[in-house]
Amino acid sequence: MDFQVSLFQVLITFFLVLFMTIRISKARNSAPKLVPGPWKLPLIGNLHQLAGSDLPHRTLRDLANKHGPIMHLQLGQVPTVVVSSPEIAKEIMKTHDLVFAYRPSLVVSMITTYGCTDIAFSPLGNYWRHLRKICTEELLSAARVDSFGSIREEEVLNLVETIKTNEGLAVNLSEKVFAMTYAITARAAFGKKCEDQDAFIRTISEETKVNSGFFISEFFPSLKFLDAVSGLKQRVEKIHGESDRILGEIVNYHKESREKAKRREDAGKEDLVDVLLRLQEDGQFPLTDDNVKAIIFDIFSGGSETSATVVDWAMAEMIRNPRVMAKAQAEVREAFQGKGNVDETGIHQLKYLKCVIKETLRLHPVFPLLLPRESSQSCKVNGFEMPSKTRVMVNAWAIGRDPNHWTEPEKFDPERFVNSSVDFTGTDFEFIPFGAGRRICPGMLFALPNVELPLAQLLFHFDWELPSGMKEQDFDMTELFGMSVRRKNELVLVPSLCHASFTVA
Ligand code: HEM
């Protein structure tokens, strides 16, 4: 067979190849630009890079330093994007807030929050919107928070009195502060001390510990058997069973007392369970008993440990920075001189203390990765395509220490906030300890007095020292990761009574 190639055939072939090459390269150029990230292993993706990490926010910051402030990680079956700069956080939580205001449904939260019917884990929609409205108008409004002022003052004074009896001795301050914030939340939520309060606090604290979201079975949602193998599900169900029983009793007890009060027509001051039951009775928006329990669970888990954690970090930072402690003490002692005590009416004068609290939240955000979000549709962020159902973690801890936005970011320096308008209300994306956008923490107003008043009282009444033999520079600041990040070791300090304290009436 002759093998003759005409010029015509050569030209046709040339143009065909040219055409195909241009099409392929065009298709490549128009292919969505995916978020970059480290190299992935089959099946587990990048999980090995987090394996063994006790402190994921730190590991993720180190990875982001290599791979960029928007980084894709394949965590088992879960495509995840980690955001570590204020600019990209703003795109997620402001520009595209609606797309990213969903939460993933996690094994643990499904159990603990009655199938994600609480505020924090319920999907964006009418039910969630209604709960947020209940929060802002009823449960966590400024007026409601004010109405708990006497409870706060009493419980903080109890704390001060207990410490006074231990003057000169090493006191486990962490334990006492956590007990105090639990007592405040319990009284605000349930009113009079309920019989099972202590058992309930124990179970809630257990539940929040297992709710960190970093369990292997959370990353392989289709492999249900992993829940059983890891024992996670059984463990959480057991703890939740106990807290559900107690919450059920609390709700029933409140229903009975409301009935009795109605018969006597003597409706007293409402606690938070009362408010929810009133709304349930009104029937404007259907709320089942389980919904009420889920909301109370949120308020407890969000309300108690978080504030105590901030007080604990702030005291620890001030012990390491005696100059800051002395300045904060001078401010509070001057403001309340002669009164012998700190009360909430004058607390707004404590400008420096507010800076100390901000600086504490910058360096030690209680939820360093906020709460996880999930995209409801595909979306372009910073020029990268993010498909629907991508899990998003915003590393607020890394953002608060971003050297492009903070000078000497690792230094505890409350002065940086003195003449600064930067605040944590969700508009300054370099400082987002309460999150931002639609999902921003609705408990800010409830939380802040529980941080300010105890701190002010501890600084007003006492001078603080480390137990003998310990030096400021040796003081341990190791973190413990759970649903929130607290100090690993309890804060043990020696109080001595300040002379101003003696003037108490
Ligand atoms: C210092 C104390 C607190 C800090 C640092 C804090 C921080 C946060 C953060 C970072 C989020 C996630 C925001 C996001 O996804 O963008 C959140 C959500 C939430 N917080 Fe707080 N919180 C505190 C206290 C409280 C208190 C006292 C309550 C209730 C009494 C509360 C109730 C909630 C709820 C219900 C959500 C879920 C909001 C939603 O998903 O719509 N928090 N909080």
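How many bridges join β1 to strand β2, and do the two run parallel or antiparallel? There are 6 bridges between β1 and β2 (residues 78–83), and the two strands run antiparallel.

## Basis of the model

This is a predicted model, in which local features need pLDDT of at least 70 and side-chain atom pairs count only at pLDDT 80 or more, while totals for chains, interfaces and linings use all residues. Residues are numbered from 1 along each chain as its sequence is written.

## The open sheet

The order β1-β2-β7-β4 describes an open sheet of 4 strands with mixed pairing, where strands are DSSP runs (E, at least two residues) numbered from the N terminus and two of them pair if DSSP finds at least two bridges between them. At the edges lie β1 (70–75) and β4 (373–374), each of which pairs on one side only. Within β2, V83 is the bridge partner of I70.

## Helix α15

Helix α15 (a DSSP run of H or I, at least four residues) covers residues 305–320 and reaches 23 Å from its first C-alpha to its last, close to the 22 Å expected for 16 residues, the expected span being 1.5 Å times one less than the number of residues. Of its 16 residues, 14 are buried, that is, 20 or more other C-beta atoms, placed from the backbone, lie within 10 Å of their own.

## Surroundings of the ligand

The ligand is surrounded by 26 residues, the closest being G302, T306, G435, C441 and G443. Helices α14 (289–303), α15 and α19 (444–461) each supply at least two residues of this shell, and the largest share, 4 residues, comes from α14.

Key
A residue is buried if 20 or more other C-beta atoms lie within 10 Å of its own, exposed if 12 or fewer, and partly exposed in between; C-beta atoms are placed from the backbone. A residue is near a molecule or strand if its C-beta atom, placed from the backbone, lies within 6 Å of it.
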